[in-house]
Amino acid sequence: MTDSVRKVVTGAPWEEQFGYSRAVELPNGTVLVAGCTSVVDGQIADGGPYDQTVNSFEVAFAALKQLGLGVQDVVRTRMYITHARDVDEVGRAHKELFDAVRPAASMIIVSGFVDPRLVVEVEVEAYRTEESA
């Protein structure tokens, strides 16, 4: 484990515009992944709440992979959604991705995102154990 903070920058347009990193690994092994949406190659991917959730988590997984971590290292997820009607589809996607891992999770209804076509945004926290170091 390193004594310094490691950062992952993916080149997504909002990272530079708003001045943030996609992921930050703290010296204690905690990894925080910034809010991820269903943006692929700079464009919002087609699909409903289920598809947007899967795409959003894939963005987070790609950031974790750059740090040598994977879904098995995830300890907390947060899902922000714009409509209560999407709870089941977002929850279904989460279960398919994390059923074997069972991280702590929250689903929060918000009023909207930076683009109204987005219906879900996710955050992930992971932890580097001795096995994943």
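Predicted model: local features only at pLDDT ≥ 70, side-chain atom pairs only at ≥ 80, totals over all residues.
**Pocket, core and salt bridges**

The lining of the largest pocket comprises 14 nonpolar, five polar and three charged residues. The volume of the largest pocket is about 430 Å³. Among the 22 lining residues, those closest to the centre of the pocket are Ala12, Trp14, Tyr20, Arg22 and Thr37. At least two lining residues come from each of α1 (13–18), β3 (30–36) and α2 (49–66). The largest contribution to this lining, four residues, is that of α2.

The largest nonpolar core contains 21 residues, of which Ala23, Val31, Val33, Phe57, Leu64, Val122 and Val124 touch the most other members. Each of β3, α2, β6 (74–81), α3 (87–98) and β8 (120–127) supplies at least two residues of this core. Here α2 gives the most, with five residues. Leaving aside residues up to four places away in sequence, Val122 is in contact with Ala34, Gly35, Cys36, Ser56, Phe57, Arg78 and Met79.

Eleven salt bridges are present in the structure. In one of them, Glu125 pairs with Arg78, with the closest N and O atoms 2.8 Å apart. Glu125 belongs to strand β8 and Arg78 to strand β6, so this pair ties together parts that are 47 residues apart in sequence. Arg78 is partly exposed, at 21% relative accessibility.

A salt bridge also joins Asp86 to Arg85, where the closest N and O atoms are 3.9 Å apart. Asp86 is buried, at 7% relative accessibility, whereas Arg85 is exposed, at 64%. Asp99 and Arg102 form another salt bridge, at 2.7 Å from N to O. Asp99 is partly exposed, at 33% relative accessibility, and Arg102 is exposed, at 62%. Finally, a network of salt bridges links Arg6, Glu25 and Arg128.

Technical notes
Residues numbered from 1 in each chain as written. Heavy atoms only, no water. 1 Å grid on protein atoms, 1.4 Å probe; cavity = no way out; pocket = protein on both sides within 12 Å on 5 of 7 lines; lining within 4 Å. Points joined across faces, edges and corners; volume = space filled by probe spheres on them. Nonpolar A, V, L, I, M, F, W, Y, C, P; charged D, E, K, R; others polar. Core = buried A, V, L, I, M, F, W, Y, C linked by side-chain atoms within 4.5 Å. Buried < 20%, exposed > 50% of the residue type's maximum accessible area, 1.4 Å probe, protein only. Contact = heavy atoms within 4.5 Å. Salt bridge = Lys/Arg side-chain N within 4 Å of Asp/Glu carboxyl O.
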